[in-house]
Amino acid sequence: MMQFIPFSMDDNHRAFLKKREERTPGQFTEKRIHLSSRLPYWLQAVTPRVFYVIEKSWNFYPVTITEYTCSFLPKFRVEIYTKFEDNNGSSENTFNVHEEEYQQVAIDSIDIAYDEVTAKHYKEDEDPRFFKSIKTGRGPLTEGWRITDKPMMCSYKLVHSSFEVWGFQ
C-alpha cells in the first residue's frame with residue numbers, strides 16, 4: 001500500500017522529533033487493547049473474558065514495524081512494515097521482497113484528496129481539495145497533485161498476516 005502525503009520527509013521528521021521528548025535512535029511501545037466488552041453478545045459467549053489485542057511497535061524513523069497479536073488466538077499475527085521516502089510512489093520494491101513473493105504483492109495506492117469517502121466520515125473543513133495551510137501556504141490539492149506538487153513524501157506499507165488455527169485455514 002502506498003499513501004501519498006503533500007509534505008517532505010524533513011517536515012515529517014521535524015514534527016516527529018518535536019513530539020518526542022527523548023532523542024533516542026529508536027522507540028519501542030507496547031499496548032494492550034481490551035476488547036471483551038466491545039464484542040457482540042453472541043461472540044462474548046465463546047471468547048474468554050480477558051480478550052485483548054497486543055500492539056508492539058518499533059519506530060526507527062524512517063522505518064516502523066508494528067505487530068498485532070491476539071490473547072485468544074495465539075497463532076494470529078499481523079505485521080505492518082512502514083517506510084517513508086521522499087518521492088511520489090516511484091520506488092519499486094522498496095522493502096526488497098524476494099521476486100517470487102513480490103509477484104504476489106497487491107499494490108494499493110491511496111489518494112488522500114480524490115479517493116471516495118463515505119458521507120458518514122466526510123468533513124468538508126478537513127477535505128484536502130479545499131484546505132489551504134496558513135502556516136506553509138500548501139494546498140488545496142488539485143487533480144494530478146501527486147505529480148505536480150512539491151514537496152512529496154510517500155508512506156510505503158507492507159502487511160503480512162498469518163492465522164494458523166486448525167479448521168480455519
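Author: Let us begin with the count. The model is predicted, and the structure holds 4 salt bridges.

Reader: Which residue forms a salt bridge with E55, and how far apart are the closest N and O atoms?

Author: In general, a salt bridge is a side-chain nitrogen of Lys or Arg within 4 Å of a carboxyl oxygen of Asp or Glu. Here the partner of E55 is K31, and the closest N and O atoms are 3.5 Å apart.

Reader: Is E55 buried or exposed?

Author: The general idea is that a residue under 20% relative accessible area is buried, one over 50% is exposed, and one in between is partly exposed. E55 has a relative accessibility of 12% and therefore counts as buried. K31, with a relative accessible area of 47%, is partly exposed.

Reader: With which residue does R77 form a salt bridge?

Author: R77 pairs with E67, and their closest N and O atoms are 2.8 Å apart. This pair links distant parts of the chain, since R77 is in strand 5 (residues 76–85) and E67 is in strand 4 (residues 63–70), 10 residues apart.

Reader: What is the relative accessibility of E67?

Author: The value for E67 is 14%, so this residue counts as buried. R77 is partly exposed, its relative accessible area being 30%.

Reader: At what N to O distance do the side chains of E85 and K83 meet?

Author: The side chains of E85 and K83 form a salt bridge at 3.7 Å, N to O. E85 has 16% relative accessibility and counts as buried, while K83, at 23%, counts as partly exposed.

Reader: How many helices and strands does the protein have?

Author: There are 4 helices and 7 strands. Read from the N terminus on, the elements follow the order β-α-β-α-β-β-β-α-β-α-β.

Reader: What percentage of the residues of the protein count as buried?

Author: Of its 169 residues, 29% count as buried. The protein exposes about 12,400 Å², of which carbon and sulfur atoms supply 55%.

Reader: What percentage of contacts between residues at least 6 apart in sequence join residues at least 24 apart?

Author: Among such contacts in the protein, the share joining residues at least 24 apart is 58%.

Note on methods:
Residues are numbered from 1 along each chain as its sequence is written. This is a predicted model: local features need pLDDT of at least 70, side-chain atom pairs count only at pLDDT 80 or more; totals for chains, interfaces and linings use all residues. Side-chain values use heavy atoms; hydrogens and water are left out. Helices (H or I, at least four residues) and strands (E, at least two) are DSSP runs, numbered from the N terminus. Buried means under 20% relative accessible area, exposed over 50%, partly exposed in between (1.4 Å probe, protein chains only). Contact means heavy atoms within 4.5 Å. Accessible areas come from the Shrake-Rupley method with a 1.4 Å probe; for residues, only the protein chains shown count as cover.
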